[in-house]
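Subject: Handing over a structure

Hi there,

Here is the structure I promised to pass on to you. Have a look at it first, and then read on for what turned up in it.

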Amino acid sequence: MVGGLRWLAESLATPLAPGDFWDLIDPLRPGAELRGRILAIRAETPDAATLEIQPGRDWLGHRPGQYVRLGVDVDGVRQHRAYSITSPVGAPTLTITVKAIPDGAVSNHLVRHARVGELVRLSQATGDFSLGDPTSGPVLFLTAGSGITPILGMLRNHLDELTDAVLLHSAPRPLDVIARDELEGYAAAGRLRLRWRHTATEPMLQLGELDALVPDWRDRRVLACGPIGLLDACEAHWAEHALGDRLHTERFRPAPFAAIGAGGTVSFAASGRSVAAEGSQPLLDAGEAAGIPMPSGCRMGICRGCLVPLRRGAVRDLRNGVLTTADEDPIHIQTCVSAAAGDCELDH
(Lines give C-alpha, C1' and ligand atoms only; values in the text may rest on other atoms or scores of the structure.)
Protein backbone atom coordinates (compact mmCIF):
# COMPACT_ATOMS: atom_id res chain seq x y z
CA MET A 1 0.00 0.00 0.00
CA VAL A 2 2.80 2.42 0.84
CA GLY A 3 4.40 1.87 -2.57
CA GLY A 4 1.07 2.52 -4.29
CA LEU A 5 0.56 5.79 -2.37
CA ARG A 6 4.10 6.90 -3.25
CA TRP A 7 3.43 6.23 -6.93
CA LEU A 8 0.15 8.15 -6.71
CA ALA A 9 1.80 11.15 -5.05
CA GLU A 10 4.62 11.25 -7.59
CA SER A 11 2.15 10.99 -10.47
CA LEU A 12 0.01 13.85 -9.15
CA ALA A 13 3.10 16.06 -9.17
CA THR A 14 3.43 15.72 -12.97
CA PRO A 15 1.18 16.93 -15.81
CA LEU A 16 -1.55 14.39 -16.59
CA ALA A 17 -3.56 13.59 -19.69
CA PRO A 18 -7.27 12.83 -19.08
CA GLY A 19 -6.74 9.09 -19.41
CA ASP A 20 -4.01 9.21 -16.78
CA PHE A 21 -6.52 9.98 -14.04
CA TRP A 22 -8.13 6.58 -14.52
CA ASP A 23 -4.70 4.98 -14.27
CA LEU A 24 -4.12 6.74 -10.96
CA ILE A 25 -7.42 5.46 -9.57
CA ASP A 26 -7.15 1.90 -10.95
CA PRO A 27 -3.78 1.22 -12.60
CA LEU A 28 -4.61 -2.46 -13.12
CA ARG A 29 -7.88 -1.77 -14.93
CA PRO A 30 -8.75 -3.32 -18.30
CA GLY A 31 -7.57 -1.24 -21.23
CA ALA A 32 -4.71 0.41 -19.33
CA GLU A 33 -1.04 -0.17 -20.05
CA LEU A 34 -0.37 -3.62 -18.63
CA ARG A 35 1.08 -3.29 -15.15
CA GLY A 36 1.43 -5.38 -12.04
CA ARG A 37 1.54 -4.63 -8.34
CA ILE A 38 4.13 -6.35 -6.15
CA LEU A 39 2.28 -8.19 -3.38
CA ALA A 40 5.17 -9.98 -1.68
CA ILE A 41 8.94 -10.32 -1.87
CA ARG A 42 10.52 -13.50 -0.49
CA ALA A 43 14.26 -14.06 -0.15
CA GLU A 44 15.46 -17.23 -1.89
CA THR A 45 19.25 -16.98 -1.53
CA PRO A 46 21.62 -14.19 -0.39
CA ASP A 47 21.25 -12.58 -3.83
CA ALA A 48 17.92 -13.83 -5.20
CA ALA A 49 14.30 -13.13 -4.36
CA THR A 50 10.88 -14.24 -5.55
CA LEU A 51 8.38 -11.49 -6.34
CA GLU A 52 4.67 -12.23 -6.24
CA ILE A 53 2.84 -9.87 -8.59
CA GLN A 54 -0.83 -9.11 -9.11
CA PRO A 55 -1.10 -8.54 -12.87
CA GLY A 56 -3.50 -6.13 -14.51
CA ARG A 57 -6.88 -7.45 -15.57
CA ASP A 58 -5.80 -7.71 -19.21
CA TRP A 59 -3.22 -10.38 -18.30
CA LEU A 60 -3.75 -13.39 -20.58
CA GLY A 61 -1.91 -15.99 -18.51
CA HIS A 62 1.11 -18.08 -19.45
CA ARG A 63 2.42 -21.50 -20.39
CA PRO A 64 5.07 -23.19 -18.21
CA GLY A 65 8.54 -22.09 -19.31
CA GLN A 66 7.45 -18.73 -20.72
CA TYR A 67 8.80 -15.39 -19.52
CA VAL A 68 7.53 -11.88 -18.99
CA ARG A 69 9.33 -8.62 -19.79
CA LEU A 70 9.16 -6.49 -16.67
CA GLY A 71 9.80 -2.74 -16.68
CA VAL A 72 10.89 -0.49 -13.84
CA ASP A 73 12.30 3.02 -13.62
CA VAL A 74 15.84 3.03 -12.22
CA ASP A 75 17.58 6.39 -11.75
CA GLY A 76 15.09 8.01 -14.11
CA VAL A 77 15.58 5.49 -16.93
CA ARG A 78 12.89 2.99 -17.94
CA GLN A 79 14.50 -0.44 -18.01
CA HIS A 80 13.03 -3.77 -19.14
CA ARG A 81 14.30 -7.25 -18.43
CA ALA A 82 12.97 -10.74 -19.11
CA TYR A 83 12.20 -13.11 -16.24
CA SER A 84 10.77 -16.62 -16.29
CA ILE A 85 7.34 -17.10 -14.74
CA THR A 86 7.53 -19.68 -11.97
CA SER A 87 3.92 -19.78 -10.75
CA PRO A 88 1.30 -22.44 -11.51
CA VAL A 89 -0.83 -21.85 -14.60
CA GLY A 90 -4.17 -20.34 -13.68
CA ALA A 91 -3.02 -18.86 -10.37
CA PRO A 92 -4.49 -15.41 -9.60
CA THR A 93 -0.98 -13.96 -9.22
CA LEU A 94 2.28 -14.58 -11.03
CA THR A 95 5.74 -15.09 -9.56
CA ILE A 96 9.19 -14.44 -10.91
CA THR A 97 12.49 -15.22 -9.22
CA VAL A 98 15.27 -12.68 -9.79
CA LYS A 99 18.97 -13.09 -9.10
CA ALA A 100 20.90 -9.86 -8.55
CA ILE A 101 23.91 -9.76 -10.87
CA PRO A 102 26.92 -7.42 -10.55
CA ASP A 103 26.10 -4.03 -12.10
CA GLY A 104 22.62 -5.27 -12.98
CA ALA A 105 20.41 -2.19 -12.66
CA VAL A 106 17.06 -3.96 -12.78
CA SER A 107 17.98 -7.16 -10.94
CA ASN A 108 19.56 -5.26 -8.04
CA HIS A 109 16.58 -2.93 -7.84
CA LEU A 110 14.12 -5.82 -7.70
CA VAL A 111 16.08 -7.91 -5.21
CA ARG A 112 17.36 -5.16 -2.90
CA HIS A 113 15.20 -2.06 -3.33
CA ALA A 114 11.72 -2.99 -4.61
CA ARG A 115 8.87 -2.62 -2.12
CA VAL A 116 5.51 -4.28 -1.63
CA GLY A 117 2.89 -2.13 -3.37
CA GLU A 118 5.27 -0.97 -6.11
CA LEU A 119 3.89 -0.96 -9.65
CA VAL A 120 5.86 -2.50 -12.50
CA ARG A 121 5.23 -2.64 -16.24
CA LEU A 122 4.50 -6.03 -17.74
CA SER A 123 4.40 -7.58 -21.17
CA GLN A 124 2.18 -10.51 -21.95
CA ALA A 125 3.89 -13.85 -21.42
CA THR A 126 6.03 -14.92 -24.35
CA GLY A 127 8.63 -17.50 -25.36
CA ASP A 128 8.58 -21.01 -26.80
CA PHE A 129 10.84 -22.73 -24.25
CA SER A 130 8.47 -25.41 -23.04
CA LEU A 131 8.31 -29.05 -22.05
CA GLY A 132 5.80 -29.93 -24.73
CA ASP A 133 4.19 -33.26 -23.93
CA PRO A 134 5.45 -34.15 -20.42
CA THR A 135 4.63 -37.82 -20.94
CA SER A 136 6.71 -38.25 -24.11
CA GLY A 137 9.75 -39.90 -22.59
CA PRO A 138 12.61 -39.21 -20.17
CA VAL A 139 13.84 -35.64 -19.66
CA LEU A 140 17.13 -34.08 -18.59
CA PHE A 141 17.05 -30.54 -17.21
CA LEU A 142 20.51 -28.99 -17.41
CA THR A 143 20.77 -25.65 -15.60
CA ALA A 144 23.08 -23.27 -13.77
CA GLY A 145 22.44 -20.26 -11.54
CA SER A 146 19.15 -18.49 -12.24
CA GLY A 147 18.71 -20.73 -15.27
CA ILE A 148 16.76 -22.96 -12.91
CA THR A 149 13.77 -20.58 -12.97
CA PRO A 150 11.99 -21.66 -16.18
CA ILE A 151 12.51 -25.27 -15.11
CA LEU A 152 10.86 -24.50 -11.75
CA GLY A 153 7.87 -23.25 -13.69
CA MET A 154 7.72 -26.52 -15.61
CA LEU A 155 8.16 -28.69 -12.52
CA ARG A 156 5.48 -26.84 -10.57
CA ASN A 157 3.03 -27.46 -13.39
CA HIS A 158 4.05 -30.81 -14.86
CA LEU A 159 5.87 -32.84 -12.21
CA ASP A 160 2.97 -35.27 -11.72
CA GLU A 161 3.03 -36.07 -15.44
CA LEU A 162 6.78 -36.69 -15.71
CA THR A 163 7.72 -40.35 -15.53
CA ASP A 164 11.52 -39.98 -15.61
CA ALA A 165 13.14 -36.59 -14.97
CA VAL A 166 16.71 -35.72 -14.01
CA LEU A 167 17.90 -32.25 -12.96
CA LEU A 168 21.61 -31.48 -13.21
CA HIS A 169 22.14 -28.05 -11.66
CA SER A 170 25.26 -25.98 -10.96
CA ALA A 171 25.56 -23.25 -8.33
CA PRO A 172 28.53 -22.03 -6.26
CA ARG A 173 27.28 -23.33 -2.90
CA PRO A 174 24.22 -25.14 -1.52
CA LEU A 175 22.88 -21.87 -0.09
CA ASP A 176 22.99 -20.37 -3.62
CA VAL A 177 20.54 -22.91 -5.03
CA ILE A 178 17.19 -21.29 -5.74
CA ALA A 179 14.26 -23.35 -4.32
CA ARG A 180 16.68 -25.94 -2.96
CA ASP A 181 14.33 -27.24 -0.24
CA GLU A 182 11.51 -27.61 -2.75
CA LEU A 183 13.71 -29.51 -5.22
CA GLU A 184 15.09 -31.79 -2.53
CA GLY A 185 11.53 -32.47 -1.44
CA TYR A 186 10.69 -33.63 -4.96
CA ALA A 187 13.76 -35.87 -4.91
CA ALA A 188 12.96 -37.33 -1.49
CA ALA A 189 9.49 -38.23 -2.74
CA GLY A 190 11.01 -40.07 -5.71
CA ARG A 191 9.56 -37.63 -8.25
CA LEU A 192 12.84 -36.15 -9.51
CA ARG A 193 16.47 -37.28 -9.64
CA LEU A 194 18.89 -34.52 -8.60
CA ARG A 195 22.55 -34.07 -9.46
CA TRP A 196 24.19 -31.01 -7.83
CA ARG A 197 27.48 -29.41 -8.86
CA HIS A 198 28.72 -26.83 -6.32
CA THR A 199 31.34 -24.89 -8.27
CA ALA A 200 32.87 -23.11 -5.28
CA THR A 201 34.28 -26.42 -4.05
CA GLU A 202 34.03 -28.67 -7.13
CA PRO A 203 35.30 -28.33 -10.70
CA MET A 204 33.00 -26.71 -13.25
CA LEU A 205 30.78 -29.22 -14.99
CA GLN A 206 32.24 -30.60 -18.21
CA LEU A 207 29.76 -32.14 -20.61
CA GLY A 208 32.10 -35.07 -21.13
CA GLU A 209 31.04 -36.13 -17.61
CA LEU A 210 27.49 -36.84 -18.72
CA ASP A 211 28.26 -40.49 -19.43
CA ALA A 212 29.02 -40.95 -15.73
CA LEU A 213 26.40 -38.58 -14.29
CA VAL A 214 23.45 -39.42 -16.57
CA PRO A 215 24.46 -42.50 -18.57
CA ASP A 216 21.33 -42.44 -20.77
CA TRP A 217 21.57 -38.72 -21.64
CA ARG A 218 21.53 -39.53 -25.36
CA ASP A 219 18.02 -40.96 -25.00
CA ARG A 220 16.58 -37.96 -23.18
CA ARG A 221 14.99 -34.74 -24.28
CA VAL A 222 17.18 -31.99 -22.86
CA LEU A 223 16.10 -28.54 -21.71
CA ALA A 224 19.04 -26.28 -20.84
CA CYS A 225 19.09 -22.78 -19.40
CA GLY A 226 21.93 -20.82 -17.80
CA PRO A 227 24.95 -18.68 -18.68
CA ILE A 228 25.84 -18.20 -22.33
CA GLY A 229 28.97 -20.33 -21.95
CA LEU A 230 26.94 -23.31 -20.78
CA LEU A 231 24.44 -22.98 -23.62
CA ASP A 232 27.15 -22.61 -26.26
CA ALA A 233 28.84 -25.73 -24.89
CA CYS A 234 25.55 -27.66 -24.90
CA GLU A 235 24.79 -26.75 -28.49
CA ALA A 236 28.26 -27.78 -29.61
CA HIS A 237 28.15 -31.05 -27.60
CA TRP A 238 24.75 -32.20 -28.82
CA ALA A 239 25.60 -31.21 -32.41
CA GLU A 240 28.84 -33.20 -32.19
CA HIS A 241 26.80 -36.29 -31.30
CA ALA A 242 24.20 -35.58 -34.02
CA LEU A 243 21.53 -35.10 -31.35
CA GLY A 244 20.79 -31.41 -31.85
CA ASP A 245 17.08 -32.06 -32.31
CA ARG A 246 16.87 -33.35 -28.71
CA LEU A 247 18.29 -30.14 -27.19
CA HIS A 248 16.19 -27.08 -26.36
CA THR A 249 17.81 -23.98 -24.88
CA GLU A 250 16.63 -20.67 -23.45
CA ARG A 251 18.72 -17.52 -23.81
CA PHE A 252 17.73 -14.27 -22.10
CA ARG A 253 20.67 -12.34 -23.55
CA PRO A 254 21.88 -12.50 -27.13
CA ALA A 255 25.28 -14.08 -27.57
CA PRO A 256 27.78 -11.31 -28.33
CA PHE A 257 29.43 -11.32 -31.74
CA ALA A 258 33.14 -11.97 -31.47
CA ALA A 259 34.31 -9.31 -33.92
CA ILE A 260 33.65 -5.90 -32.36
CA GLY A 261 33.28 -2.78 -34.49
CA ALA A 262 35.64 0.15 -34.31
CA GLY A 263 33.35 2.48 -32.36
CA GLY A 264 33.09 6.15 -33.19
CA THR A 265 31.30 9.41 -32.51
CA VAL A 266 27.52 9.09 -32.34
CA SER A 267 25.59 12.26 -33.15
CA PHE A 268 21.99 12.75 -32.05
CA ALA A 269 20.33 15.10 -34.53
CA ALA A 270 17.33 16.16 -32.43
CA SER A 271 19.38 17.19 -29.40
CA GLY A 272 22.44 18.42 -31.31
CA ARG A 273 24.63 16.36 -29.01
CA SER A 274 27.42 13.91 -29.76
CA VAL A 275 29.07 11.19 -27.69
CA ALA A 276 32.04 8.89 -28.17
CA ALA A 277 30.97 5.23 -28.12
CA GLU A 278 33.01 2.06 -27.90
CA GLY A 279 32.58 -0.61 -30.55
CA SER A 280 31.15 -2.99 -27.96
CA GLN A 281 28.68 -0.48 -26.46
CA PRO A 282 25.02 -0.59 -27.53
CA LEU A 283 23.90 2.76 -28.91
CA LEU A 284 21.02 2.70 -26.43
CA ASP A 285 23.48 2.62 -23.53
CA ALA A 286 25.67 5.28 -25.11
CA GLY A 287 22.74 7.67 -25.48
CA GLU A 288 21.46 7.10 -21.95
CA ALA A 289 24.96 7.53 -20.50
CA ALA A 290 25.05 10.93 -22.20
CA GLY A 291 21.73 11.90 -20.64
CA ILE A 292 19.71 11.57 -23.84
CA PRO A 293 16.23 10.02 -23.36
CA MET A 294 16.10 6.92 -25.56
CA PRO A 295 13.15 4.72 -26.51
CA SER A 296 13.59 1.23 -25.15
CA GLY A 297 11.77 -1.97 -24.44
CA CYS A 298 13.19 -5.40 -23.74
CA ARG A 299 16.84 -4.31 -24.30
CA MET A 300 17.44 -7.76 -25.80
CA GLY A 301 16.75 -7.20 -29.49
CA ILE A 302 13.31 -8.83 -29.33
CA CYS A 303 10.52 -6.26 -28.97
CA ARG A 304 11.86 -3.55 -31.33
CA GLY A 305 10.80 -0.85 -28.88
CA CYS A 306 14.19 0.87 -29.26
CA LEU A 307 14.01 1.56 -33.02
CA VAL A 308 15.64 4.84 -34.10
CA PRO A 309 16.44 6.00 -37.66
CA LEU A 310 20.12 5.87 -38.64
CA ARG A 311 20.68 8.94 -40.85
CA ARG A 312 24.28 8.35 -41.85
CA GLY A 313 27.22 6.16 -41.05
CA ALA A 314 27.37 2.48 -40.13
CA VAL A 315 26.47 0.33 -37.14
CA ARG A 316 27.22 -3.29 -36.33
CA ASP A 317 24.71 -5.76 -34.90
CA LEU A 318 26.24 -7.09 -31.68
CA ARG A 319 24.42 -10.42 -32.06
CA ASN A 320 25.80 -11.47 -35.42
CA GLY A 321 28.24 -8.84 -36.67
CA VAL A 322 26.04 -7.71 -39.57
CA LEU A 323 26.96 -4.20 -40.75
CA THR A 324 24.17 -1.73 -41.58
CA THR A 325 25.01 1.46 -43.51
CA ALA A 326 22.79 4.47 -44.19
CA ASP A 327 23.72 6.36 -47.35
CA GLU A 328 20.77 8.43 -48.53
CA ASP A 329 17.60 7.25 -46.82
CA PRO A 330 17.44 6.71 -43.03
CA ILE A 331 17.27 3.10 -41.87
CA HIS A 332 15.62 2.09 -38.62
CA ILE A 333 17.97 0.19 -36.32
CA GLN A 334 17.60 -1.49 -32.94
CA THR A 335 19.77 0.61 -30.67
CA CYS A 336 19.87 -1.99 -27.89
CA VAL A 337 21.84 -4.45 -30.06
CA SER A 338 23.66 -2.06 -32.42
CA ALA A 339 27.04 -0.43 -31.87
CA ALA A 340 28.89 2.30 -33.77
CA ALA A 341 31.10 1.04 -36.59
CA GLY A 342 32.68 4.42 -37.19
CA ASP A 343 31.06 7.85 -36.88
CA CYS A 344 27.28 7.80 -37.29
CA GLU A 345 24.23 10.01 -36.80
CA LEU A 346 20.85 9.05 -35.36
CA ASP A 347 17.64 10.91 -36.11
CA HIS A 348 16.77 11.26 -32.45
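**Salt bridges**

A salt bridge joins the side chains of arginine 42 and glutamate 52, at 3.4 Å from N to O. Arginine 42 belongs to strand 1 (residues 35-45) and glutamate 52 to strand 2, so this pair ties together parts that lie 10 residues apart in sequence. Arginine 42 itself is partly exposed, with 38% relative accessibility. Please keep in mind as you browse that this is a predicted model.

One links glutamate 209 and arginine 197, whose closest N and O atoms are 2.8 Å apart. Glutamate 209 sits in the loop between strand 9 (193-198) and helix 6 (210-213), while arginine 197 is in strand 9, so the pair ties together parts 12 residues apart in sequence.

Glutamate 33 is partly exposed, with a relative accessible area of 42%, but arginine 35 is buried at 6% relative accessibility.

Salt bridges also form a network, which links Asp164, Arg193, Asp216 and Arg220.

**A parallel sheet and its helices**

Next, look for the open sheet of five strands, which follow the order 9-8-7-10-11 with parallel pairing. Which strands stand at the edges? They are strand 9 and strand 11 (247-250); each has a single partner strand, so one side of each is left without a neighbour in the sheet. On average, neighbouring strands of this sheet are turned by 15° against each other, ignoring direction.

Within the sheet, strand 7 (residues 139-144) and strand 8 (residues 165-171) run parallel and are joined by six bridges. As an example to click on, alanine 144 has serine 170 in strand 8 as its bridge partner.

Helix 5 (residues 180-188) lies across strand 8 and strand 9, and runs at about 140° to strand 9. Helix 7 (residues 228-240) packs on the sheet, where it touches strand 7, strand 10 (221-225) and strand 11. The direction of helix 7 makes about 165° with that of strand 11.

**Two buried residues**

Is threonine 50 buried or exposed? With a relative accessible area of 4%, threonine 50 is buried, because buried means under 20%. This threonine lies in strand 2 (residues 48-55). Its side chain makes a polar contact of 2.7 Å with the side chain of threonine 97. Leaving out residues up to four places away in sequence, threonine 50 touches Ala40, Ile41, Arg42, Glu44, Thr95, Ile96 and Thr97. Arg42 in that list is the arginine that pairs with glutamate 52.

Histidine 109 is in helix 3 (residues 105-113). At 14% relative accessibility, histidine 109 also counts as buried. Apart from neighbours within four places in sequence, histidine 109 is in contact with Val72, Val74, Ala114 and Glu118.

Enjoy exploring, and write back with any questions.

Best wishes

Terms used:
Residues numbered from 1 in each chain as written. Predicted model: local features only at pLDDT ≥ 70, side-chain atom pairs only at ≥ 80, totals over all residues. Heavy atoms only, no water. Helix = DSSP H or I, 4+ residues; strand = E, 2+ residues; numbered from the N terminus. Buried < 20%, exposed > 50% of the residue type's maximum accessible area, 1.4 Å probe, protein only. Polar contact = N/O pair within 3.5 Å; in protein donor to acceptor, adjacent residues only side chain to side chain. Contact = heavy atoms within 4.5 Å. Salt bridge = Lys/Arg side-chain N within 4 Å of Asp/Glu carboxyl O. Pairing = 2+ DSSP bridges. Axes fitted to C-alpha atoms, helices over the stretch in contact; angles between N-to-C directions.
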